[in-house]
Amino acid sequence: MKKILLPYLSRSGQDIHSKTIVGGIEKFTKSVYEAFPDAIPVEITPEDRKAKKTKKIYLDAVRRHNPDIIIINDIDAYWLHPQIEEGIPTIAIAHEPLVRDIRYLAWWKGMQKFIDAGGHLYFVSAYQQKFHEFHVERVTGYPLIGVKGTINSGFATGNEIVDKLSGTYDAVTIGRTDLTKNPFILHKKLQSTNLSSCVLTNKENFQHGAKQVKYWNDNLHWKQPQYTYRGLSHGETLRTMSEASVYVSTMPVESWGITCMEALLHGLPVILFCDKNGRHASEIIPADQHHFERMDKNCTPDELAEAINDYQLYKYDDRVSISEATKKKHSKEKWVDKWQKMVYNTVFETKEKSSLATFMNQDTHIEVL
């Protein structure tokens with residue numbers, strides 16, 4: 001197996017071995033590490049970033065370990081340097097949601113440079129890729145050329161079970177207490193109905209913008225039957241989620257949707273909140289059209305309640321069917337097999353490009369007979 005370097009940005013003190021997972025990128029990075037247990041994780045902490053040590057830590061790790069390949073999962077500019085300066089095969093996974101953010105400007109401008117240097121760029125869904133390609137061309141004036149494809153954000157372990165006690169909560173969602181994720185919209189919509197809701201979110205607020213702080217403070221008051229659980233481990237989160245009847249994805253601009261897949265794996269049908277375009281990146285996850293429904297994020301409480309009530313007619317056997325179909329579609333074997341091909345192709349193509357460059361730079365003399 002190739003020596004893989006896996007740098008990652010930790011958040012809220014959670015490293016790659018932590019039982020608590022605070023976001024999709026963290027879950028994805030952990031999954032890559034579990035798929036390739038010999039990979040070398042390199043943690044970059046919030047303190048490191050604040051002290052502007054990210055690039056130094058990264059390059060020191062590259063030179064110390066001399067990896068065969070690097071896998072990057074964030075948009076910081078340091079991802080360009082080993083590929084350009086060291087010539088090391090590099091895979092970068094774009095996880096960013098479908099939002100226009102000033103932080104992404106450098107990322108959009110750097111994508112083509114990364115590809116041109118030999119980097120292999122992947123998105124997590126075709127829908128997400130189309131969105132960001134549009135903005136690359138808008139910002140740079142040129143289309144993005146050379147994206148290698150997509151890789152799903154997660155996979156099924158095959159051990160997921162369907163809780164026979166589902167229905168403890170009528171609806172559940174998982175998401176950071178964040179304006180974009182907006183998990184508490186579920187409480188707000190269902191508080192005027194006779195339905196219970198469950199929000200699974202982070203324990204401490206690690207965001208400091210005034211609007212984000214207000215959103216945190218404005219959602220500390222919820223009481224039963226609007227349940228809120230903060231800071232549960234990943235296992236506890238899944239167990240609590242599996243006790244619900246329906247999962248609601250409250251973020252219309254998801255890039256893929258790991259929590260959507262996890263809900264389906266535990267037999268929960270899914271409601272996807274969409275923007276005015278009526279589409280959602282997570283709609284590619286369900287194995288069958290009867291396993292999910294798209295709804296406008298501005299739907300009325302009664303409209304949402306009606307959809308939830310319809311799904312509550314699903315029996316235990318129906319939920320088992322949802323789980324088994326999702327396991328088949330998103331098996332770990334398929335995911336690992338694709339990763340192995342991605343790693344092989346990246347290493348092979350980088351070496352091939354390097355050999356060609358060496359040949360072209362050699363002094364050659366062709367004798368004319």
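Author: A salt bridge here is a side-chain nitrogen of Lys or Arg within 4 Å of a carboxyl oxygen of Asp or Glu. Arg279, Glu283 and Arg294 are linked in a network of such bridges. This is a predicted model, where local features need pLDDT of at least 70, side-chain atom pairs count only at pLDDT 80 or more, and totals for chains, interfaces and linings use all residues. Residues are numbered from 1 along each chain as its sequence is written, and side-chain values use heavy atoms, with hydrogens and water left out.

Reader: OK, how many salt bridges does the structure hold?

Author: There are 11. In one of them, Arg294 meets Glu283 at 2.9 Å, N to O.

Reader: Is Glu283 buried or exposed?

Author: Glu283 counts as buried because its relative accessibility is 13%. Buried means under 20% relative accessible area, exposed over 50%, and partly exposed in between (1.4 Å probe, protein chains only). Arg294 has 41%, so that residue is partly exposed.

Reader: And which side chain does Lys148 meet in a salt bridge?

Author: That of Glu349, at 3.0 Å from N to O. Helices (H or I, at least four residues) and strands (E, at least two) are DSSP runs, numbered from the N terminus.

Reader: Switching topic: what order do the strands of the open sheet follow?

Author: Six strands run β2-β1-β3-β4-β5-β6, with parallel pairing. Two strands pair if DSSP finds at least two bridges between them. The edges are β2 and β6, each pairing on one side only.
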